[in-house]
Every structure is written in structure tokens, then in C-alpha cells.
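Biologist: I've got this one open on my screen. Walk me through the fold, please.

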Amino acid sequence: MASLTLYGYYRSSCSARLRIALDLKAIEYKPVYINLNKGEHHKDEYGARNPSRSVPTLMVNDSWCIPQSMAALEYLEEAYTQATTLLPADAKARADVRALAEIIAIDTQPPTNSTTMKQAESSGADQLEWTRFFARRGLKAFETMVSKTAGRYCCGDKITLADVCLVPALWNAERFGVAIETYPTISRVYGVLREHPSFTKSHWQNQPDCPEELR
């Protein structure tokens, strides 16, 4: 299997999804740090790899990369079949996992990312209130569904892509002052996952490109 390169940013929740999954699966990769604050994602060299000029990008080989986190997660499931699986075998359970993951990846993360927040602020919105609204809206939907699927983790007693997507979103929500304890099932699952080595290792404060003053 070709060696992987992960282009990411320490505080990107989408990048964190890949960091967590790669660690859970014990897949080696080379990290490359893209500083969003310095606009490194807007450089032509990076744009050639990721036309959206977003992070992360998973470089699979010299000529092919995956520029979206959810597609990259699905690729790891399909290409690394001997590694720990993050999707259940049962079709219904797989659909539940994907639905929960998409509540985060489609409904919650896009309106709360830095590009969207800056655009909202330029249109007169309060950036913090904007972010809190969409984070709470997404977590409320997630809580409603996960209360029916959860065991030890979001879907039963094995870590899945739902957990991999949820936890980085919670890191962001905490930064913006959203009360996680408002969501009892999420809060319980989070209490377990936040102690798991792969999630701890992948936390944004533990990344080499995180500024010292934020660690």
C-alpha cells in the first residue's frame, strides 16, 4: 500500500477526523501542515491538490489525492481492509453511522467553519452567535438520533465514523462556549471518547503546528 500524506491544520475539525481515523487504524502517514492563518491554502501549489483550497487533503500517491475528509474516510475503509473498521457490517447500522456522520459533516461543520463565519460577519452577523446557533442546531439533531443508536459509543459498543466526526465538532463547540452537557447522550459518549488515546493524540492542542500559547 502506498504511503499517505495528510495535509491539514491543527484546529480544522475535518483534518482531525482523518488524524483520528488514521490512528485508530494504525496507518502510517506523513503530516504536512497548512497554515490557514497565513493563507497557505490559497497558494497555487496547494490549489492544484485541492481545488476547494480547504483542508484536509489526503495524498495517496504522487498523482492522486482525495480533497474531502468524508471521501478520504470512506477510502480508508475500502482500501485498508485489514485495519480496524469504522463501519458496522449490518446495512442498517451502517446507514445510521453515515447519517450521524453527515449531521456533523453536512449540517453542522460547513456553517461554522472560519470562511463561513467571516462571510457572515461581513454581512453584519455576530460571528460568535452565528457559530453557536449552528453548533446547537446540529448537536440537537445529533442528540435526537444518537439517543436511539448509542451503546458505549455513538452506534453500539464499537467506535465508528460517527464518533470520529462527532468529537472534533465538540472540540469546536467547547471553544465557542456551547454547553455539551445540554445533550445527555452526546455528553456521556464524549466522556468516554475524550479519554481514548487516538482522540487524545489527535486533539488540536496536541498538534505540532498548534502555537505554543494555545497548548
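Modeller: Ground rule for the sheet: two strands pair if DSSP finds at least two bridges between them. Helices (H or I, at least four residues) and strands (E, at least two) are DSSP runs, numbered from the N terminus. This is a predicted model, where local features need pLDDT of at least 70 and side-chain atom pairs pLDDT 80 or more, while totals for chains, interfaces and linings use all residues. Residues count from 1 along each chain as its sequence is written, and side-chain values use heavy atoms, without hydrogens or water.

Biologist: How many bridges join E1 to E3?

Modeller: Three. Strand E1 covers residues 4–8, strand E3 covers residues 57–61, and the two run antiparallel. Leu6 sits opposite Leu58 of E3.

Biologist: And what is the strand order in the whole sheet?

Modeller: E2-E1-E3-E4. The sheet is open, has four strands and is mixed in its pairing. On average, neighbouring strands are turned by 25° against each other, direction ignored.

Biologist: Which strands does H1 touch?

Modeller: E1, E2 and E3. Helix H1 is residues 13–24 and packs on the sheet. Its direction makes about 150° with that of E1. Contact here means heavy atoms within 4.5 Å. Axes are lines fitted to C-alpha atoms, for helices over the stretch in contact, and angles run from 0 to 180 degrees between N-to-C directions.

Biologist: Next, helices. How do H1 and H3 cross?

Modeller: At roughly 10°, with the axes coming within 9 Å. H3 is residues 69–79. The pair is therefore roughly parallel. For the cut-offs: under 35 degrees is roughly parallel, over 145 roughly antiparallel, 65 to 115 roughly perpendicular, and the rest oblique.

Biologist: Which residues meet there?

Modeller: From H1, Cys14, Arg17, Leu18, Ala21 and Leu22. They meet Ser69, Met70, Ala72, Leu73 and Leu76 of H3. By class, that is eight nonpolar, one polar and one charged. Ala, Val, Leu, Ile, Met, Phe, Trp, Tyr, Cys and Pro count as nonpolar, Asp, Glu, Lys and Arg as charged, and the others, Gly among them, as polar.

Biologist: At what angle do H1 and H7 pack?

Modeller: About 135°, with the axes 9 Å apart. H1 and H7 are therefore oblique to each other. H1 brings Ser13, Ala16, Arg17, Ile20, Ala21 and Leu24 to the contact, and H7 brings Val164, Cys165, Pro168, Ala169, Trp171 and Asn172. That makes nine nonpolar, two polar and one charged.

Biologist: How about H4 and H7, at what angle do they cross?

Modeller: Roughly 20°, and the axes come within 8 Å. H4 is therefore roughly parallel to H7. H4 is residues 91–112 and H7 is residues 161–175. Val97, Leu100, Ala101 and Ile104 of H4 touch Leu161, Ala162, Cys165, Leu166 and Ala169 of H7. This contact has nine nonpolar residues, no polar and no charged.

Biologist: Which residue other than glycine has a positive phi?

Modeller: Ala26, with phi near 55°. Ala26 is in the loop between H1 and E2.
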